[in-house]
Amino acid sequence: MADYVLWFDGLGMNDVDRVGGKNASLGEMISHLSGMGVSVPNGFATTAHAFREFLDQSGLNDRIQTILSALDVSDVNALAKAGADIRRWVVETPFQPALETAIKDAFIQLQDGNENLSVAVRSSATAEDLPDASFAGQQETMLNVRGYEQVMLAIKEVFASLFNDRAISYRVHQGFEHAEVALSAGIQRMVRSETGSSGVMFTLDTESGFRDAVFITSSYGLGETVVQGSVNPDEFYVYKPSLTAGKTAILRRNLGSKMIKMVYSSQPDQLVDTIDVPEADRQQFSINDSEAEELAKQALIIEEHYGRPMDIEWAKDGDDKQIYIVQARPETVKSQEPGNAVERFKLNETGTVLCEGRSIGQRIGKGVVRIVDGIDQMDQVREGDILVTDMTDPDWEPVMKLASAIVTNRGGRTCHAAIIARELGIAAVVGCGDATEKLSTGMPVTVSCAEGDTGYVYSGELDYTQSEDSVGEMPELPIKIMMNVGNPDRAMSFSTVPNKGVGLARLEFIINRMVGVHPKALLDFDNLDAELKSTVARQIAGYASPADYFVEKVVEGVSTIAASFAPETVIVRMSDFKSNEYAHLIGGTQYEPEEENPMIGYRGASRYISESFRECFALECKALRKVREEMGLENIQIMIPFVRTVDEARQVTELLAEYGLARGEKGLKLIMMCELPSNALLADQFLEYFDGFSIGSNDLTQLTLGLDRDSGLIAHLFDERNEAIKVLLSMAIKACKKANKYVGICGQGPSDHIDFALWLMDQGIDSISLNPDSVIDTWMHLAKHQK
């Protein structure tokens, strides 16, 4: 019996050649990690020996190798016919009697008297789940299998699936000899996630390769909908250092649409059904924060044991409410990339957005749309097409490598289309919802994943640039090169660029992008008119209250940036919206004044200390306090913009202290934007209330020279190198040096003008904060020209 069937709890990673990578991994976790908090349902596996003996019966193996050796996998139609013939042969060939007996005996033992026991029957290839290869979903998985007869049929289907079209093509593409790959079937007790939830998690960020986060996807019901990409799942990012320190660790939450779920079928002739998820459930997260953190803890145990980033499938049992691990394999894309280069894509022009979804990777692709409704149309795809479809599955892989980009209606960041796009190194936008409606075959488009979490499909083939920078050892400079980062979606990616921290993280960018609603509309939610209230309610779905929504979304944005760059300093500037910009938020027009010149109007410190805005500022403070204290991200410093008078400096620092952000407590430093002439002229007095200055050269230049920087008529006069500006800058820098306090600059000038950057360096400035795309060039220029 041992030659044909082996129990999981007797297996380990040394048994890959006997039961394949997937089953060996399950055995490894049961054997070594069950006592450490990782829960894996037990089961048994058929052996590779049993599979090879099965194929050797009646010359079946010889027939298979003959047809495969003559096959050209680029011929989609020939591939489909060969695969279908081989699978039919496998299904028609009876199991050897000894194998049947071994399976029956093991299944009766697994049932342990429960004749209604449901099991999953999964494939496990002997060349599968190696650190440098992914066989993502290529062989069959059968769920809710009950009774001996169904189990035997499911195992036969699993064996046949080694010869699915996509599996044959992938082995050729990866250089595996067909005859060298054997299949093991794993028979595992089902987790009742049909009444709970399930998903996939990675122990790194799948887009940037950032190693300090666990990325989790989750949806209701059985996990196949997430893996296949037929559902847009919820997403969570969990910060590893906060988790291991016992702190609050959720960095990000994205509420997925979760339109459908897979459940056990009540029909005798099928195993599972797909049903609609009730609207109320769609508007809630499918797991809570504590469950996300529990998942991440198990993921860390698994990652530490295997010593590499992992791709893990999990399920929450709706009956016992426990979380189980049902698969774990090495992550095979980001973890294999070299760490000494940064690839950058940038659009050089804009176009009309036709549709949008979740971006996969950070690349850009362009070409002609090819809408494919099913695998029977795959032969229509040509090299360089933009493949557009509802969703993909492993059957599509032979033609996916022809596409310059992939766009789907359904799916999240761990769906099949996303996995394959990463492996192929092409752009993909998934979960658009309406891509097949908004796009049509023959339409020239550009697919951009270079703008953050949201991927865009633009009309026309737009011009873009692709560059690669070496990020080896950077030359020493007497100053710190920091980064301006407003978009949390890109923070993990930007952190791979050489840097000494973040000199400017704009809170208004986070509020605009992640909150989207005026804070007063949230605080005044119960009194809003019906239409606006409905709009806001949709926006805040999944959160406990309107005010909690604001706080938590700001926490998510700020903590993502802070975690991405930790332990380096991240200077977060409190919101600096002008009244016309605040008015653009949902509900904003009801609360904002109409000003003739908002640039020098109701903004910055004046807004914070006003009675009408104080409650809103309190929400910002609550969020920053949570990130620092509850999450432990004390690398955050707080910056106050547009402080007109010394008395405003006093009032705003007192208000911060009132809201729990007292200067000096728990290492908190307060920085002031030095962006008005008064700030430089009275620098000594302003510095009594702050720990340093961050010079905003854009506003300082326009307010010193009396310019409207948005006016094209006088744009030629805008120059930070003007002598008047330099006098004020010199005053500010000298005052900080005299007081032994920090001084940096976060304007665009130093990256535009290398002579200006060198002048600042000579003046003794501590840091220059640049946009990410100019960091490496400016760093190298300064090193080349420094005295």
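Aromatic pairs first: this structure holds 16 of them. Keep in mind that the model is predicted.

The ring centres are 6.1 Å apart, and the planes meet at 35 degrees. Is that stacked, tilted or edge-to-face? Stacked needs planes under 30 degrees apart, and edge-to-face needs over 60. At 35 degrees, Phe345 and Tyr464 are therefore tilted.

Now, where do these two residues sit? Phe345 is in strand β14, residues 341-347. Tyr464 is in strand β22, residues 464-470. So the pair ties together parts that are 119 residues apart in sequence.

Next, accessibility. Buried or exposed? The cut-off for buried is under 20% relative accessible area. Phe345 has 10%, so this residue is buried. Tyr464 has 24%, so this one is partly exposed.

Tyr456 has a relative accessibility of 16%, which means buried. Tyr458 has 8%, so Tyr458 is buried as well.

Rings can also link up in a group. Here, ring pairs join Phe51, Phe54, Phe95 and Phe159 into a cluster.

Last topic: charges over rings. Which ring does the charged end of Lys104 sit over? The ring of Tyr148, at 5.3 Å from its centre. Then there is an arginine. Arg603 lies over the face of Phe642, and the distance to the ring centre is 3.8 Å.

To recap the opening pair: Phe345 and Tyr464 are tilted, and they connect strand β14 with strand β22.

Terms used
Residues are numbered from 1 along each chain as its sequence is written. This is a predicted model: local features need pLDDT of at least 70, side-chain atom pairs count only at pLDDT 80 or more; totals for chains, interfaces and linings use all residues. Side-chain values use heavy atoms; hydrogens and water are left out. Rings of Phe, Tyr and Trp (its six-membered ring) pair if their centres lie within 6.5 Å; planes under 30 degrees apart count as stacked, over 60 as edge-to-face and the rest as tilted. Helices (H or I, at least four residues) and strands (E, at least two) are DSSP runs, numbered from the N terminus. Buried means under 20% relative accessible area, exposed over 50%, partly exposed in between (1.4 Å probe, protein chains only). A charge sits over a ring if NZ of Lys or CZ of Arg is within 6 Å of the ring centre and within 35 degrees of the ring normal.
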